[in-house]
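Here is a short tour of the spaces inside a protein model and of the place where its chains meet. Keep the structure open beside you as you read.

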Amino acid sequence: MEKYFHSVRLEKEKCSGCTNCIKRCPTEAIRVQKGKAKILKERCIDCGECIRVCPYHAKNAVTDPLSSISQFKYKIALPAPALYAQFKMVNQVDKVDRVLSGLKTMGFDDVFEVAKGAEICAKAIAKELEKPGNRPLISSACPAVVRLIQVRFPELLDNVVKVDAPVEVAAKVAKEEFAKKNNVDISEIGAYFITPCPAKMTSIKSPLAKEKSDVDGAISILEVYGLLTGQLKSADAKRFDGVKASAKGIGWANSGGETFAVGEKNALAVDGISNVAHALEDIENDKLKDLDFFEGLACVGGCVGGPLVFESAFVAQSRVQKICDEIGFDQTVEEQAEEYADSGVATTKKQMEAVDVMKLDDDRMEALRKIQQIEELVQKLPGMDCGSCGAPSCRALAEDIVRGHAQEMDCVFILKEKVRYLAEEMVDLASKDKISEDETE
Amino acid sequence: MIYTRDYEIKKDDFVAAGEVSARIKNKLKQLGVDPALIRKIAIASYEAEINMIIHSLGGHMQLDIDEDSIMITCADTGPGIPDIELAMQEGYSTASDTVREMGFGAGMGLPNMNKNSDNMHIESSPAGTTVTLKFQM
């Protein structure tokens with residue numbers, strides 16, 4: 001397995017070398033070199049912010065094609081709750097039923113809602129909150145946020161709740177139930193996440209809190225959108241046979257939905273990756289030490305705002321709300337979720353490791369020297385943060401120079417200064433030459 | 001000292017509050033200091049910075065790093081702490097209502113700085129207060 005698998009990729013031909021992405025990347029993971037953007041693998045957290053801001057659509061996310069499900073004898077679809085909000089379906093009360101049956105007609109043997117996994121996670125998190133320990137506990141649901149913590153806030157890794165993400169729990173339970181019901185071997189079952197987000201794809205390929213993911217692939221919502229829309233139209237309000245998630249699970253698609261499902265009042269939900277970074281900064285400074293639970297989601301609005309969805313985050317957010325109101329709560333689903341949570345299916349054991357991207361050198365004295373060099377360079381650079389050098393700020397360029405990845409001449413202002421100096425030298429030399437010529441006459 | 005850096009702190013400069021401690025924190029991350037220690041220094045230096053903005057007439061924060069220790073010296077130009085022992089008590093605060101409305105002034109500044117540093121030393125007179133925070137790496 002690759003050490004740094006990334007779902008977010010660059011399509012070189014489409015990249016114009018502008019500064020939109022380098023400016024918005026929350027981990028300063030993009031540089032423009034030779035007129036093309038370049039993603040720094042060890043820094044990228046796959047939040048997909050660059051996909052959203054690129055005006056040329058040069059950034060995309062690698063996900064699995066729908067055809068990949070044929071690798072397995074039995075296929076289970078794991079739809080993210082954000083999927084339900086992609087379709088208009090006015091005046092239809094059985095929206096979720098239609099989506100689930102629609103998915104089954106697309107080649108899946110069964111469908112298991114990620115929202116059901118979310119309900120199990122909610123119960124497991126509530127139990128973790130009863131135990132004493134670091135506060136606030138930080139949600140592990142958004143893999144981009146967990147990676148942001150690894151890269152920029154490693155000292156908060158101990159606060160991340162030791163509960164798996166809903167899709168992982170859903171995959172595990174779905175496979176177990178399907179194997180038991182149909183008397184087949186688990187290895188013959190493939191579970192595919194219908195995902196709004198590239199970070200989930202990454203966490204399937206290189207999981208954070210376990211050795212191997214229980215999810216076998218991730219298909220983007222955009223990939224199934226067209227086909228599924230067609231299926232919904234032809235579906236005569238087909239009933240989906242099976243237990244469905246309640247509003248508590250589906251609500252996770254919106255920011256704050258997890259907090260509501262967990263039932264923690266002393267909590268804070270923040271969405272949008274730069275907002276989350278600010279909040280984590282506050283947690284780091286102990287300004288939120290009285291808080292019990294922190295839910296941070298990389299996308300504005302929550303998972304409904306993922307880069308791989310069709311509908312606008314705001315439209316989707318309001319639809320999720322409506323669907324939740326229609327479906328309501330379900331005591332049986334919650335009791336079942338409680339049982340699963342008690343069985344430990346959602347608990348993670350693997351300690352997450354910090355990603356050391358900020359450290360300048362393994363040798364502390366050398367690192368100190370480099371810090372000094374950076375400060376000297378920052379003084380010398382114009383401080384305009386124009387991005388023309390390909391780094392997001394003058395300070396970032398100074399760091400790149402000290403790390404050996406860039407040169408002072410990459411700064412257009414320093415270059416201009418140098419050219420001016422050379423031009424003056426030449427004029428000076430030429431005039432001296434002329435004087436000597438005059439003298440010989 | 002192998003590395004020294006001086007930062008100016010202005011009285012009532014709430015707009016810039018937290019910037020100096022954020023810069024210090026960033027440097028320690030670049031240095032590769034243990035995350036748990038960074039957290040302690042982040043908390044202590046943030047409290048120190050806010051304290052100077054709220055209570056002092058302004059001054060300087062100095063970061064000193066050598067091979068095995070980190071020192072933060074906060075020196076202001078007054079008005080001094082009349083009773084250091086009282087100021088060290090949790091919950092004791094002289095902050096104004098305006099400051100409290102901003103969410104500060106809970107009387108945990110000095111106690112938190114003390115708790116999160118390996119050694120804290122305070123010297124104070126009406127001409128100014130100097131708080132020295134030491135951390136072992």
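**Where the two chains meet**

Across the interface of chain B and chain A, 15 residue pairs are in polar contact, both residues being at pLDDT 80 or more; a polar contact is a pair of N or O atoms within 3.5 Å, where within protein one must be able to donate a hydrogen and the other to accept it, and residues adjacent in sequence count only if both atoms are side-chain atoms. This is a predicted model, in which local features need pLDDT of at least 70 and side-chain atom pairs count only at pLDDT 80 or more, while totals for chains, interfaces and linings use all residues. Residues are numbered from 1 along each chain as its sequence is written, chains are lettered from A and ligands numbered from 1 in the order in which they are written, and side-chain values use heavy atoms, with hydrogens and water left out.

**The interface**

- On the chain B side, strand 1 (3-9), helix 1 (19-31) and helix 2 (35-55) each supply at least two of the residues that touch chain A; helices (H or I, at least four residues) and strands (E, at least two) are DSSP runs, numbered from the N terminus.
- That side of chain B divides into twelve nonpolar, four polar and seven charged residues. Here Ala, Val, Leu, Ile, Met, Phe, Trp, Tyr, Cys and Pro count as nonpolar, Asp, Glu, Lys and Arg as charged, and the others, Gly among them, as polar.
- In contact terms (heavy atoms within 4.5 Å), 23 residues of chain B meet 26 residues of chain A.
- The two chains bury about 2300 Å² between them, with carbon and sulfur atoms giving 55%; buried area is the accessible area (1.4 Å probe) that two parts lose on being put together, summed over both.
- Lys29(B), Gln30(B) and Arg39(B) supply 31% of the area that chain B buries against chain A, more than any other three residues.
- Seven salt bridges (a side-chain nitrogen of Lys or Arg within 4 Å of a carboxyl oxygen of Asp or Glu) are counted between chain B and chain A.
- Arg39(B) also forms a salt bridge with Asp286(A), at 3.1 Å from N to O.

**Pockets**

- The largest pocket holds about 1400 Å³ of space. On a 1 Å grid over the protein atoms alone, a pocket is an open set of points with protein on both sides within 12 Å along at least five of seven lines, a cavity is a set where a 1.4 Å probe fits but cannot get out, and lining residues have an atom within 4 Å of a point.
- Grid points are joined across faces, edges and corners, and a volume is the space filled by probe spheres set on the points.
- Of the 47 residues lining the largest pocket, Glu28(A), Arg152(A), Glu281(A), Arg395(A) and Asn26(B) are the closest to its centre.
- Helix 1 of chain B gives the most to this lining, with eight residues.
- The second largest pocket has a volume of about 980 Å³, and helix 2 of chain B provides the largest share of its lining, eight residues.

**Cavities**

- The whole structure has seven cavities of 30 Å³ or more.
- The largest cavity holds about 350 Å³; among its 29 lining residues, the closest to its centre are Ala141(A), Lys200(A), Trp252(A), Leu297(A) and Cys303(A).
- Its lining has 23 nonpolar, two polar and four charged residues.
- The second largest cavity holds about 220 Å³, and helix 7 of chain A gives the most to its lining, three residues.
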